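Here is a short report for a reader meeting this structure for the first time. Please look over the sequence and the model before reading on.

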Amino acid sequence: MKNLKLKLMVPAAVLLLASSYSCKNYLDQSPIGALTPEVVATRSGVDGVLIGAYALVDGVYDGQRGDPWLSGTDNWIYGSVVGGDAFKGSNPGDQPAAANLEAFNATGSNDYLDAKWRVCYAGVQRANDVLRILPTVKDGSISEDQQKQFIAEARFLRGYYHLEAAKLWKNVPYVDETVTYAANNFDVPNDGPIWDKIEADFKAAADVLPETQPQIGRANKWAALSFQAKTLMFDHKYGDAYTILENVIANGKTSSGAKYDLVPYANNFNPSTKNGPEGVFVVQTSVKDGANGLNGNAGNVLNFPSGGPAGCCGFFQPTFDFVNSFKVDATTGLPLIDTYQNSYIKNDQGVAADNATYLPGDEPLDARLDWSVGRRGIPYLDWGICPGAAWARDQPNGGPYLPIKNVYYKAAQSTTSDSYGGWAANQATSNSYNAIRFADVLLWAAECEVERAGGSLVNAEALVNRVRARAAIQSNWVKGKLTGYTGGDATKPIVDNTQFAANYKVGLYTGQFAVNGQAFARKAVYFERKLELGMEGHRFFDLSRWDGINGGPAGNGFMATEIEKFLKNTRDFGDSFTSAVMKVAKFTSNKNEYYPIPQIQLDLSKGQLKQNKGY
């Protein structure tokens, strides 16, 4: 579906150059190379503008203010690093704005946040441009049904970009197609949450969109319904969300017509198997297509092992807390929800790269760990045994673990992925991002059963078990047990490929939800989301929406408690982890549950935008 990603094809005439609705100095300028209204007031013109609106779903566009890793839609920094899945990596002076976010002391002047805001509202404006242009098409080239679909896709995208903004800042302006410079109404206030307006956009889209689409990356009815349910989850309307999710689980299908289902876990992160039955809405990426990398996953260009695949840049390293979460009970194979932080999984923190005696531990572990994290002594996709310290950039600050879900396969270098290293915008891969995958839908439904009036804890457990059952399939476990090294050479591992790489054990719940009640069931669902969706940019937003400050059922201070447990687990590791950022990191309740609104946007709004509490 490259044509939905080729940003060079975007018609410039009707695309507002400002990423903020309030940037008056941008809105009254004609773009360079602008097309006339007559050119875009046709069916092909409207479709071109719609493609331009889709082009920003990956959070990156040509000529944007700020680097692509500041605003990628996978939210590696905003969802995973600040949520406790990952450390920023490298030293504190490298990307200091990211370090400030990691330490919970970012202010509205943080340039990462402004870049993200601008991309969100650039996307909103592009979606609104479609709606503005449609009434000008008078040549009969668009039928009534086609017009309805254009409107539905534009409203889907407008909901998508507003939701991205609302996840970070909660109190954001809602901008529809009536907001223009000409109308002098572009200073829109942020008086409170806009969940209801986002829900309405997704509902309107779902009511019209077809079940299948001729191009995979276009939203269909089921993607719109799933995003509507996601927005309802943030709005804590669990009964309404569950009604939609039941329908999606029973009847949902991908844009290409495949019924939603779980696939082998690793397939969700492999460019050669993307867009499978688990992909509810997949942000499309491609490389080697003549677009200089801009259609690739440019938001991840920092996030590869510095000494391994791509050779850049050693950011985005899984935390001790996240890895320890995969410990399981040796008998039941269930997660140690309350005690996982009591000890650390064996790791190579402080172990030299040339050490030829290091072997992984034998702790019982959830098998998803080694598809979520790169660990020394464990096969790393098809790149061979992970050498750990040899690939890590800065263990004292970033720890011993490596990202893996966003990394491409060695076999794909000459076909579907590029093996770029370094900093340029064309350094990207075709490893697409699953904005929503079916496991996410199942776990939302389980959460709804725990929280909604008349919900069933038995059904909540069954939904969680459906996700866990996939993880328990042994044919999907990582094989290749490291047993030693030839001649004492750390670069020559001896591997038994008939054995599993670690001591994997995944069990199912057997009635614990009903026996132990709602509080236990809630903890179990929350923890399952951590295991299943870790390193995918969701953790911060889950913690935030569960907290009582945002109307969540877990009570006021829940997020602060979880983050402080993570920080303590990090600081207690030992003398070989000396991160100055983690030493000073402190989460402030009633403040850090959302981000500060960029100061430049406050200034441009001339008092209409209000800063979030505590900043």
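Buried means under 20% relative accessible area, exposed means over 50%, and partly exposed lies in between (1.4 Å probe, protein chains only). By that rule, arginine 470 and glutamate 532 are both buried.

This is a predicted model, in which local features need pLDDT of at least 70 and side-chain atom pairs count only at pLDDT 80 or more, while totals for chains, interfaces and linings use all residues. Residues are numbered from 1 along each chain as its sequence is written, and side-chain values use heavy atoms, with hydrogens and water left out.

**Salt bridges**

A salt bridge is a side-chain nitrogen of Lys or Arg within 4 Å of a carboxyl oxygen of Asp or Glu. The whole structure holds 41 of these salt bridges. Three of them are set out here.

| Pair | Closest N to O distance |
|---|---|
| Aspartate 114 and arginine 118 | 2.8 Å |
| Arginine 470 and glutamate 532 | 2.7 Å |

Arginine 470 lies in helix 15 (residues 457-471) and glutamate 532 in helix 17 (residues 518-533), so their bridge ties together parts that are 62 residues apart in sequence. Helices (H or I, at least four residues) and strands (E, at least two) are DSSP runs, numbered from the N terminus.

Aspartate 114 and arginine 118 both sit in helix 6, four residues apart, about one turn of the helix. Both are buried. Aspartate 572 is partly exposed, at 44% relative accessible area.

**The nonpolar core**

A nonpolar core is a set of buried Ala, Val, Leu, Ile, Met, Phe, Trp, Tyr and Cys residues joined through side-chain atoms within 4.5 Å. The largest one has 181 residues, and Tyr112 and Phe156 have the most contacts inside it. Helix 6 (residues 111-133) supplies the largest share of this core, 13 residues.

What does phenylalanine 156 touch, not counting residues up to four places away in sequence? The list is Phe202, Ala205, Ala219, Ala223, Ala224, Phe227 and Phe281. Contact here means heavy atoms within 4.5 Å.

**A helix pair**

Helix 9 (residues 221-234) and helix 10 (residues 238-251) have axes that come within 9 Å and cross at roughly 150 degrees. Axes are lines fitted to C-alpha atoms, for helices over the stretch in contact, and angles run from 0 to 180 degrees between N-to-C directions. Helix 9 and helix 10 are therefore roughly antiparallel to each other. Angles over 145 degrees count as roughly antiparallel, under 35 as roughly parallel, 65 to 115 as roughly perpendicular and the rest as oblique.

**Two loop residues**

Aspartate 176 lies in the loop between helix 7 (144-169) and helix 8 (195-208). At 22% relative accessibility, aspartate 176 is partly exposed. Leaving aside neighbours within four places in sequence, aspartate 176 contacts Asn128, Arg132 and Arg158.

Proline 553 lies in the loop between helix 18 (539-546) and helix 19 (558-571). Proline 553 is partly exposed too, at 27% relative accessibility. Proline 553 and glutamate 451 are 102 residues apart in sequence, yet 7.7 Å apart in space, C-alpha to C-alpha. Beyond neighbours within four places in sequence, the contacts of proline 553 include Glu451, Tyr526 and Trp546.
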